[in-house]
Amino acid sequence: MPEKKTIVVFGATGAQGGGLVSAILSDPESEFAVRAVTRDIHSEKAVKLANSGAEVVSADIDDLESVKAALKGAFGAYFVTFFWSHFSPEKELEEAENMARAAKDEGLHHVIWSTLENTRDYVPLNDDRMPTLMGKYKVPHFDAKGEANKFFYDYGVPTTYLLTSFYWDNLVYFGMGPKRNAEGKLVLTFPIGDKKLSGIAAQDIGKAAYGIFKKGAEMVGQTVGIAGEHLTGNEMAAALSTALGEEVTYQQISFDAYRGLGFPGADDLGNMFQFYHDFADEFAAKRSLDFTRELDPALQSFGKFLAENAEKLPLK
């Protein structure tokens, strides 16, 4: 049997990377082996990955030499950055450049860069329909990723640019799920009007990435958008009602109201939802459900995701 080609997965204990690690390790016919990168190789999740058959290593993505060491001898890599751990687009840009440069220096054959739109291509900084944040961004956690695409291009890294979508997992883990109002009724609140929101189960991002690696060289240089479904707020509320066995209604709020909610990153997310709303058709058009399903034949619908996760929803 030929030696398996190593894919280095950054964020291996997180949502996206964990899905990719699981997809590779659960396929007995896979041509790939996994090198899982995590900050703490002794964490419970890291130990579980090692016991599942992954090579687990530690790396500091702020240190170029550390990233290069993690990539040494590998065939490919999955790169993702972690904006919400530091809220700094500049730091995210530096980390992405470290990844691109290290991939070039180590001669990787196929890289997937988990990216998003640079919203300033749609809403210039002098466009006041949404506020400019941090002096030079519209949606900081989008814009830095989109801007960082240039590093992989400029360094000549053989890259697939993976455009992800809104995580349905945010309803469970990020406080975006339905909440009870003063009358005790469940209400799902988003500032997206009647537009469709492109969403996906985070685990399916990793599975789709595995599909890209399996397709191989034909995917190099391509930008691929993925989603599980494109749903309106009312459609999401209806699916939640079915899963919970209790009526959930959808409530629209303004972008300004969401930006003013006061939690860390509320202004960023308020702008994000405004971008989703104002460019819903363009956003969805870049995320083919059929091609996502080709990459990930077990792609979950929102209903299937809820069937497996509804009991985890914090409904207070």
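This is a predicted model: local features need pLDDT of at least 70, side-chain atom pairs count only at pLDDT 80 or more; totals for chains, interfaces and linings use all residues.

Student: OK, so is aspartate 105 buried or exposed, or something in between?

Tutor: Aspartate 105 has a relative accessible area of 41%, so it counts as partly exposed.

Student: And which lysine does the aspartate 105 side chain meet in a salt bridge?

Tutor: Lysine 68, at 3.5 Å, N to O. Aspartate 105 sits in helix α4 and lysine 68 in helix α3, so the pair ties together parts 37 residues apart in sequence. Lysine 68 is buried, at 17%.

Student: What about arginine 101 and aspartate 105, how far apart are they along helix α4?

Tutor: Four residues, about one turn of the helix. Their side chains form a salt bridge at 3.9 Å, N to O. Through shared partners, salt bridges join Glu65, Lys68, Arg101 and Asp105 into one network.

Student: How many salt bridges does a search of the whole structure find?

Tutor: There are 19. One of them pairs glutamate 31 with lysine 5, at 2.7 Å, N to O.

Student: Switching to the core: how many residues are in the largest nonpolar one?

Tutor: 36, and Phe166 and Phe190 are among those with the most contacts inside it. Helix α10 gives the largest share, five residues.

Student: What does phenylalanine 166 contact, beyond its sequence neighbours?

Tutor: Its contacts include Phe190, Met272, Phe273 and Tyr276.

Technical notes:
Residues are numbered from 1 along each chain as its sequence is written. Side-chain values use heavy atoms; hydrogens and water are left out. A nonpolar core is a set of buried Ala, Val, Leu, Ile, Met, Phe, Trp, Tyr and Cys residues joined through side-chain atoms within 4.5 Å. Buried means under 20% relative accessible area, exposed over 50%, partly exposed in between (1.4 Å probe, protein chains only). Helices (H or I, at least four residues) and strands (E, at least two) are DSSP runs, numbered from the N terminus. Contact means heavy atoms within 4.5 Å. A salt bridge is a side-chain nitrogen of Lys or Arg within 4 Å of a carboxyl oxygen of Asp or Glu. Lists of a residue's contacts leave out its neighbours within four places in sequence.
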